[in-house]
Amino acid sequence: MRSTESIPGSTSAAANVEPSRASGPAVAVTRWVGAPFSARAVAAWYQHALRLETVTLTPGFRFEHITTELADRQGGGVVLGAQSVGLLGLGAHWAVTPQWAVIAGVHQGFSPVSPGQPREVEPEKSVNYEV
């Protein structure tokens, strides 16, 4: 089961944002609960749209902290985990005409380690490009 908590003064990441309105900070807390594990992710991000005539550049930063808890059914204990990551991104929007636009972006990606994995397992990191 997944639930999202609201943080006073924050905005939702799920909202569609026009390039001219893609500015400001936001915070979200998400929980996943399912036997035999649970996870809690706290994410904070900031992005700001910079408009230069027909071009809009939108740099952004995201920080995410994830805590996990796994019931060790063989050992009888609980395995706790925590991961933190900072990610950068840059989007560009060029209004070629009022009806046509070109978009591009480069963004860092992150996939956390699953609960209960050995310590030497590293999270997956990537760089994603789009045009």
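**Entry 1: the second largest pocket.** I looked up the volume of the second largest pocket and found about 390 Å³ of space in it. The model I am reading is predicted. I then listed the lining of this pocket, which is made up of 20 residues. Gly-81, Ala-82, Val-113, Gln-117 and Arg-119 are the ones that lie nearest the centre of the pocket. Strand 5 and strand 6 (78-95) are the elements that give two or more residues to this lining. I noted that strand 6 gives the most, with six residues. Sorted by class, I recorded ten nonpolar, seven polar and three charged residues in the lining of the second largest pocket.

**Entry 2: Thr-68.** I next turned to strand 5, which covers residues 55-71 and includes Thr-68. Is Thr-68 buried or exposed? I count Thr-68 as buried because its relative accessibility is 13%, and the cut-off for buried is under 20%. Setting aside residues up to four places away in sequence, I found that Thr-68 touches Ser-38, Ala-39, Val-79, Leu-80, Gly-81 and Pro-115.

**Entry 3: confidence.** I checked the pLDDT and noted a mean of 81 for the protein, with 79% of its residues at 70 or more. Where is confidence lowest, and where is it highest? I found it lowest in strand 1 (residues 2-5), at a mean of 44, and highest in strand 7 (residues 101-111), at 96. I also recorded that the pLDDT is below 50 over residues 1-22.

Note on methods:
Residues are numbered from 1 along each chain as its sequence is written. This is a predicted model: local features need pLDDT of at least 70, side-chain atom pairs count only at pLDDT 80 or more; totals for chains, interfaces and linings use all residues. Side-chain values use heavy atoms; hydrogens and water are left out. Helices (H or I, at least four residues) and strands (E, at least two) are DSSP runs, numbered from the N terminus. Buried means under 20% relative accessible area, exposed over 50%, partly exposed in between (1.4 Å probe, protein chains only). Contact means heavy atoms within 4.5 Å. On a 1 Å grid over the protein atoms alone, a cavity is a set of points where a 1.4 Å probe fits but cannot get out, and a pocket is an open set with protein on both sides within 12 Å along at least five of seven lines; lining residues have an atom within 4 Å of a point. Grid points are joined across faces, edges and corners, and a volume is the space filled by probe spheres set on the points. Ala, Val, Leu, Ile, Met, Phe, Trp, Tyr, Cys and Pro count as nonpolar, Asp, Glu, Lys and Arg as charged, and the others, Gly among them, as polar. pLDDT is the predictor's confidence in each residue, from 0 to 100.
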